[in-house]
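Please consider the following remarks alongside the sequence and the coordinates.

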Amino acid sequence: MTVQRLSTPPRLPLVLARGALASRSRRGPYEHARLPGERLLLPDARIDERRLRAYARVCGFDGGDGKATTGQGPGAAQGYGTAQIRDAGQGPGQPLPATGSPVPPTYPHVLGFPLAMELMARPGFPFPVLGLVHTGIELTQHRALRTGDRPEISVHAEGPAPHRRGSSFDVVTEARLDGALIWHSRSTYLCRHRTADGGRRPEEQPGEQPPGLRLPATDPPPQHPAPQHPAAPLPVREHWDLPSGLGRRYARASGDRNPIHLHPLTAKLFGFPRHIAHGMWTFARALAGTGATDGSEQLTARAEFKAPVPLPSSVAYCVDEPTASAGGYRAPVRVHRFELRSGDDATAPQGAPGAPGARSNGGAEHGEGEGRPRLHLTGEVTSERP
């Protein structure tokens with residue numbers, strides 16, 4: 001794999017525009033597509049503390065909306081309540097994070113996203129940027145990044161892999177300090193297209209694994225797979241009222257100004273009746289709500305994006321009590337599972353298909369059945385016990 005060093009971060013608005021234009025010429029076929037064997041590397045990435053402050057507030061980290069309002073309202077003593085995700089701008093007099101303070105574990109994704117978009121916007125990338133669906137993410141933090149750090153950020157793509165709805169591939173982002181890997185993530189994307197067989201691929205029978213999590217080739221497939229049952233819903237901790245301007249707040253903080261998250265008019269240009277919350281905001285906000293990041297230098301987290309969250313709307317944040325992990329860890333750890341659900345009966349088990357950015361999978365993102373129970377996000381975080 002060749003490595004290309006960048007002297008400055010790509011300018012994300014220009015890269016997004018270039019990727020959108022390039023998408024018009026990437027019409028397949030995708031069945032035998034090859035990803036570029038190229039790694040983009042940005043040494044000494046700078047953390048903008050004002051942008052970090054805005055990110056922490058909108059995502060609920062370190063004095064942001066979630067921590068300031070968690071447990072307020074009726075039922076707080078029982079772990080229930082209503083949290084209002086404020087639509088206002090940043091309040092006056094908010095202190096910047098102290099030099100050397102840890103940044104949220106999802107923030108390195110923000111540092112690497114311009115490189116990821118640069119990689120996908122280049123001529124050698126086979127899939128169109130427009131219409132890609134972010135279906136999931138896994139991240140591992142070996143040591144918390146600090147505001148004074150200047151990490152080396154690198155991005156490359158792996159795959160693709162066949163999917164019953166098209167082709168999936170992974171974007172791997174890594175952060176290093178003095179050559180040591182301190183953080184890495186794997187984001188899985190889906191390019192929806194007609195498959196050669198016109199339907200379900202043989203390796204993706206009901207109960208398929210999430211994209212990027214394949215059984216090893218040495219393991220034979222089960223002859224009589226056990227029937228699949230929906231998992232029991234997690235208990236509701238609180239409800240979040242998400243305002244119309246949430247997508248714009250996240251865009252200002254993260255730099256990711258995807259038009260489907262900004263305004264109903266811009267979302268309609270891409271087939272949505274109204275705008276939707278950014279999937280990475282739902283992941284970061286849910287992760288912050290667990291409290292797992294408080295005092296934890298090392299953690300792993302994952303999430304699957306099940307269905308878009310339309311704006312404005314109300315969602316139920318569900319999380320279970322932390323449990324001890326059965327894994328072989330050197331120190332005591334705790335495991336939190338979390339979900340975002342919505343609908344008239346937010347405690348019902350969900351199984352609706354879809355993912356943020358999907359354009360034709362039906363459901364709430366197209367204004368259909370918005371009152372029915374719906375699962376938007378599932379995830380889990382394993383962290384050190386403080």
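The numbered points below set out the remarks in turn.

1. Basis of the remarks. This is a predicted model, in which local features need pLDDT of at least 70 and side-chain atom pairs count only at pLDDT 80 or more, while totals for chains, interfaces and linings use all residues. Residues are numbered from 1 along each chain as its sequence is written, and side-chain values use heavy atoms, with hydrogens and water left out.

2. Cis peptide at P160. The peptide bond that joins G159 and P160 is cis, with omega about 0°. P160 belongs to strand β5, residues 152–163. Helices (H or I, at least four residues) and strands (E, at least two) are DSSP runs, numbered from the N terminus.

3. Cis peptide at P312. L311 and P312 are likewise joined by a cis peptide bond, with omega about -10°. P312 is placed in the loop between β9 (299–305) and β10 (313–319).

4. Positive phi at D44. D44 is not a glycine, yet its phi is positive, near 55°. This residue lies in the loop between β2 (38–42) and α2 (49–59).

5. Positive phi at D178. D178, also a residue other than glycine, has a positive phi of about 55°. Its place is in the loop between β6 (166–177) and β7 (180–192). D178 is exposed, because its relative accessible area is 86%; the classes are buried for under 20% relative accessible area, exposed for over 50% and partly exposed in between (1.4 Å probe, protein chains only).

6. Helix α7: burial and end. The helix is mostly covered, with 12 of its 12 residues buried. Among them are M280, W281, F283 and R285. G291 follows α7 and has a positive phi, near 75°.

7. Strand β4 and its partners. β4 runs antiparallel to β7, to which 8 bridges join it; two strands pair if DSSP finds at least two bridges between them. Within β7, W183 is the bridge partner of Q141. β4 also pairs with β9 in the antiparallel sense, over 6 bridges, and there T300 of β9 is the bridge partner of T140.
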